[in-house]
Amino acid sequence: NSDYDKFLKPYLDNTSHGAYDFPLFASIRAALAYGGSMNQLYDPGAYGQALPGGRAVTFAITHDIPTNSGFRYQIMNQTDEKLAYAYILGRDGGTPMVYTDHNESNDGSRWVDYYKRADIKAMIKFHNAMQGKPMQMLGSSDCVVAFKRGKVGVVGINKCDTAQDLWVDTYKYEFDWNRTYRDVLDTTQTMQVTAQWHKLTIPARGARMWIEE
């Protein structure tokens, strides 16, 4: 939008520094919003809706948003924020930032020690394990976006109120067969690829982040 052209683009054009990826943040908020589509997160960079990965600091919230009344409308509900973190910590590109505070915004300690939450620690584990692994999109719909990281990581994110299935051609996308993939967010959930067409099931309002064992 005009703010990007006025503020962020000149900064990027005239420095070699990184910057908060506000275009991607806007894409995430739009995709997760009521009436939005997860198709918007299939490849936002292709439409100028994400900064180049080497320059981007990706986020689901920054310190300015909860502490300034003019920005608080950008706070997502807690489930959407978790899904946003699954996306930025699962994808390739950018340096993800996890926001934490000391309840300066008086939001019931919502972000106090946020990086210590079990789900966030699991997402960070996935992110660290996927360093250097290429990203390949598997599919998207209004409800779901899914992608893989090399042969060892698979991410599925579902914004909708019912579980969603996505059928994947494991020949085309070069999955390893007969190996156990375990979800870092719910370690009781595993999958094995045993046929050309494999069904990924993503829980309602949830995410799966599988790592090959």
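Before we look at any helix pair, a word on handedness: a crossing is left-handed if the near helix is turned anticlockwise from the far one by less than a right angle, and right-handed if clockwise. Helices here are DSSP runs of H or I with at least four residues, strands are E runs of at least two, and both are numbered from the N terminus. Also, keep in mind that this is a predicted model, where local features need pLDDT of at least 70 and side-chain atom pairs count only at pLDDT 80 or more, while totals for chains, interfaces and linings use all residues. Residues are numbered from 1 along each chain as its sequence is written, and side-chain values use heavy atoms, with hydrogens and water left out.

H2, residues 22-32, passes H4 in a right-handed crossing. Their axes (lines fitted to C-alpha atoms, for helices over the stretch in contact, with angles from 0 to 180 degrees between N-to-C directions) come within 11 Å and cross at roughly 130°. That makes H2 oblique to H4; under 35 degrees would be roughly parallel, over 145 roughly antiparallel, 65 to 115 roughly perpendicular, and oblique is the rest. Who touches whom? With contact meaning heavy atoms within 4.5 Å, Leu 24, Ile 28 and Leu 32 of H2 meet Asp 80, Leu 83, Ala 84, Tyr 87 and Ile 88 of H4. That contact splits into seven nonpolar, no polar and one charged. For the classes, Ala, Val, Leu, Ile, Met, Phe, Trp, Tyr, Cys and Pro are nonpolar, Asp, Glu, Lys and Arg are charged, and the others, Gly among them, are polar.

H4, residues 78-90, also packs with H5, residues 118-129, at about 20° and with axes 8 Å apart. That makes H4 roughly parallel to H5. This crossing is right-handed too. On the H4 side we have Lys 82, Tyr 85, Ala 86, Leu 89 and Gly 90, and they meet H5 residues including Met 123, Ile 124 and Phe 126. The tally here is seven nonpolar, two polar and two charged.

Now follow H5 over to a sheet. H5 lies across E5, E6 and E11, and runs at about 40° to E11. Those strands belong to an open sheet of six, ordered E4-E5-E6-E11-E8-E9 with antiparallel pairing; two strands pair if DSSP finds at least two bridges between them. E4 and E9 sit at the edges with a single partner strand each, so one side of each has no neighbour in the sheet. Six bridges join E6 to E11, and Asn 158 stands opposite Gly 206 in E11.

What about the other sheet? It is open, has three strands in the order E1-E2-E3, and the pairing is parallel. Thr 58 has Pro 96 in E3 as its bridge partner.

How many disulfides does a search of the whole structure find? One, taking a disulfide as a pair of cysteine sulfur atoms within 2.5 Å. Cys 143 and Cys 160 form it, with sulfurs 2.0 Å apart. The link is left-handed, at -85° about the S-S bond. Cys 143 is in the loop between E4 and E5, Cys 160 in the loop between E6 and E7, 17 residues apart.
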